[in-house]
Every structure is written in structure tokens, then in C-alpha cells.
Amino acid sequence: MPDQDFVEQLILPTAPADPEHPAIQQALLDLHVLCGVSYWKASCPSTITFEGRPLPDPEAAGLWEEIYTHGLGEFFYRNDLAPIVGFPADPSKTPSTVSAPTPMVPDRVLMLVGGGKDSAVAREVLRHANVDVSLVSLGTAPWIRRSASAMGDPHLVIGRKLDRELFRLNDAGAYNGHVPISAIIAASTRLVALIGGFEAVISANERSASYGNVDWRGMVVNHQWSKGLRFERRWQQHVARIQDGPGYFSLLRPLTELHIGALFARTERYFDHVTSCNANFRLRPQDPPARWCGRCPKCLFVFTILAPHLSDHQMHRIFGDDFLAREENRGLLGELLGLEAHKPFECVGTPDEVAAALWALYRDGRFSGTMGMDRFGSAVLPGLSDPAALWRSEMTPSREDAMPPKWRERLDAFIRAA
């Protein structure tokens, strides 16, 4: 590919009072590098250079290299490319920590809202803790707006306009694929938090986001890598080295999707205001999609893990149909259960979560005679030595997370109250 200049625009909800402040400049550099992944992958050049500014220190370069490698794992896998990315660094350089440009206000937080059940549950955890919340999103798809409206909080939107030339290159056959969008969101919301004096940016990523899809070329390819615990910890370490300012962590990290589903079932105010079907969040949607397509991995997964916690009436209210009854979903269910190929390249939970959910339905005699229950009963149930123990395990919070202690205590308090 010949030399190509790209210009991407981010529209912030509030401009920094001092754009030249060192913390703002550091945040902009991270954002520049992470947004650049969308353009780098079009041709995967072997050399990365920094023009007009000093080289980064080795630890910053190491973080960016990890994001460009593991965050693009699915992209490399699908395009059968060697996952080798190298960032230049100045080995003599060590960063100095700078203060935030705006004093942080304790218990004033930015919470990521994505239009799905997880952010709805995180919002209720914060409501229970009486925390001052402003919502934030990168872009504003209709279901993000709808979910944010149901939460009733101020909603800050970061606009993003990718260079149209990238779409032209993709249409012409340039390399394309999944990018670590959660890392880009972490970098862009950090900038908003610095400007606004927020104590933290809070996401709603679950523990099963750290579970990979497939082993390939010596690496675990994980569609959700930038939602996982490894990225969260690395990002925290990076920010702490260079900035005395807002933190970043997931409030739901100890929980499986199955457990989050149980908590969502107690938040009826959101039943009509969330979706997880990716058709609603595409960069270039063709037509207004249905709330649920009912035939993608996310639709089938979310239906399955919510079903044990909701009545048939509530399930019909939310989904409008029985996705476990659709014969066309047999292969998808096999992938979700780990019976075929590999875990789908989607934001879905583990095979154990799916098996535990289906066992609970089987135990209660629900969805009997459907494709899903028949497949579970014949292919999975005979191999479960202690399905009740599996259920308890998937419904028990992990002690592994990256939250400051006061936030873990608040999550635990909410779970006890629920």
C-alpha cells in the first residue's frame, strides 16, 4: 500500500481548559496510538515510527505492543497473519507522574453505558451505593440512548468519525477485522474524566471476558481481550505511572454473565430498554435492525443465561420469541457449549455458563422439547458429574478483580441486598 495519511476526529463533550497540560497531552498520545490500530491493520506495516515527538519509554511501548498484538488476535487469526508488532522505544527514558488538570471529586464517576444488561446492572450497583454518576459512551446508537434515558443520568457522548478513506480501502480488499474497541474506549473516556474531575471511569466487564476463544500460534486468541482482566490491570499500571488522576476498573469483574443475568432479572425498569444483538451497534448499519435477530451467538447466549432467572412471560416481553426452539441455532448452541469448533468470536460467556443455565432449565422442566433442551439432554447432561455444583460455581463471585477495595465492598453489598 502506498503512503497514506488518515485523519480521524473525536468530538469531546467538553473541551479541556488547557489542552497543553501534560496530563492531557499524555492522554492524547495514548488515544492517538490506540485509535491508530484501525488504520495500521489495513496493511500491517512492519515498521512503526513517531514523527515530530520523542520516542516513548519502554513500558509504554510494551503496553501498546501488547494491545496491537493480543487486542488484534482475532484479526491475525482470521487473516492468517503472524502476530508480530513492534513499537520503538527510548531505553533511557523514564516517565514522571503528573497531576490531573482538574481536581478529582470523590465518588463522582463516569460509567460506560453500552445499551446492554451489564451496564444496567452496574448502574444499579452505583445507585445502591449513592454514587454521583454521569454516563459516557463512544458514539450513541439508538439502544445506547434508550438505555441511558432509562438510567436517568447525564449522558456524555464522545463522537468518533473514522477517515472515510479507511472504508474505501476495506471495500477494495485491504485487511480488515475486529479491533480492541474497549481499549479505545478506555483511552477516550480517560480524557473526558481528566477534563471533568471524575474519580474513576467504571466499566461493566464480567470475569468470563478473560476466557479465550482458541489457541493459535502460541497465543490465546480472545475476541474480548480488551474487556478482560489482563488489559484492565495493564492499563491501570500504565496510567498510574504517568498520571495522578482518574482510575479505570470494571465493577462487575468478579461475576459471570450468568450471575449478572440473575441481578438483571431484579431490575425490571430496564426490561424494555436494553439489547445485546450486535446488529444494533454496527458502524455502518444498512437498515434499522430488529431488537434481537435471534440467530446470532449473542442473541442465543443472552437468551439462555437470562432464562433461568425470568418467567416465561418476562422472557417473551424481552425477546418476543424462543431462540432455543429454533433448529437453525443448533450449530450455534454447540459452539456456545464447546461441542463444536471453538467459542464464537462474540462477547459471550463460557461453555460452563451455558451448560449451567441449560441444566437449571432442564431441572425445572422448562423449554422441554425444544432443540436446545434436547441437545443439552443428549450431548451435555450425561457428562456432568455434579451439575448443581457447576451452577453454584458459576453463581459465586470470584475474588480476583482490579477494583479498589471500597468498590468491591459496594458490589458485595449490592449482591447481598439483591
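1. Basis of the model. The model is predicted: local features need pLDDT of at least 70, side-chain atom pairs count only at pLDDT 80 or more, and totals for chains, interfaces and linings use all residues. Residues are numbered from 1 along each chain as its sequence is written, and side-chain values use heavy atoms, with hydrogens and water left out.

2. Helix α14. Helices (H or I, at least four residues) and strands (E, at least two) are DSSP runs, numbered from the N terminus. Helix α14 covers residues 351-363, 13 residues in total, and spans 18 Å from its first C-alpha to its last, close to the 18 Å expected at 1.5 Å a residue. The expected span is 1.5 Å times one less than the number of residues. Gly-365, which follows α14, has a positive phi near 70 degrees.

3. Burial of α14. Of the 13 residues in α14, 10 are buried (buried means under 20% relative accessible area, exposed over 50%, partly exposed in between, with a 1.4 Å probe and protein chains only). Among them are Pro-351, Glu-353, Trp-359 and Leu-361. The cover over these buried residues includes α10 (257-264), α11 (297-306), α13 (330-336), α15 (371-379) and α16 (387-394).

4. Helix α7. In α7 (residues 164-171), the buried residues are Glu-165, Leu-166, Phe-167, Leu-169 and Asn-170, and their cover includes α2. At the start of α7, a side-chain oxygen of Asp-163 comes to within 2.8 Å of the backbone nitrogen of Glu-165. Such a polar contact is a pair of N or O atoms within 3.5 Å; within protein, one must be able to donate a hydrogen and the other to accept it, and residues adjacent in sequence count only if both atoms are side-chain atoms. Just after α7, Gly-173 has a positive phi of about 110 degrees.

5. Thr-256. This residue sits in the loop between β10 and α10 and is buried, at 1% relative accessibility. A polar atom of the Thr-256 side chain lies 2.6 Å from the backbone oxygen of Glu-394. With residues up to four places away in sequence not counted, Thr-256 touches Glu-206, Arg-207, Ser-208, Glu-353 and Glu-394 (contact means heavy atoms within 4.5 Å). Glu-353 is also one of the buried residues of α14.

6. Thr-275. The loop between α10 and α11 holds Thr-275, which is buried with a relative accessible area of 2%. The Thr-275 side chain reaches the backbone oxygen of Arg-291 at 2.6 Å. Leaving aside neighbours within four places in sequence, the contacts of Thr-275 include Gly-115, Gly-116, Trp-143 and Trp-292.

7. Leu-306. Leu-306 belongs to helix α11 and is buried at 2% relative accessibility. The C-alpha atoms of Leu-306 and Ala-265 are separated by 7.5 Å, although the two residues are 41 residues apart along the chain. Beyond residues up to four places away in sequence, Leu-306 touches Lys-117, Gly-261, Phe-264, Met-315 and Phe-319.

8. Cavity. On a 1 Å grid over the protein atoms alone, a cavity is a set of points where a 1.4 Å probe fits but cannot get out, and a pocket is an open set with protein on both sides within 12 Å along at least five of seven lines; lining residues have an atom within 4 Å of a point. Grid points are joined across faces, edges and corners, and a volume is the space filled by probe spheres set on the points. The count is 1 cavity of 30 Å³ or more, and the largest cavity has a volume of about 40 Å³. Its lining includes Arg-190, Trp-235 and Tyr-248, and α8 (181-196), α9 (229-242) and β10 (247-250) each supply at least two lining residues.

9. Second largest pocket. This pocket holds about 1300 Å³ of space. Of its 31 lining residues, the closest to its centre are Phe-6, His-32, Gly-36, Tyr-39 and Thr-49. The elements giving two or more residues to the lining are β1 (9-11), α1 (22-35) and α2 (37-40), and α1 gives the most, with 6 residues.

10. Most residues other than glycine have a negative phi. Asp-80, in the loop between α4 (73-79) and β2 (98-99), has a positive phi of about 50 degrees. Arg-217 has a positive phi near 50 degrees; Arg-217 lies in the loop between β7 (214-216) and β8 (219-221) and is partly exposed, at 48% relative accessibility.
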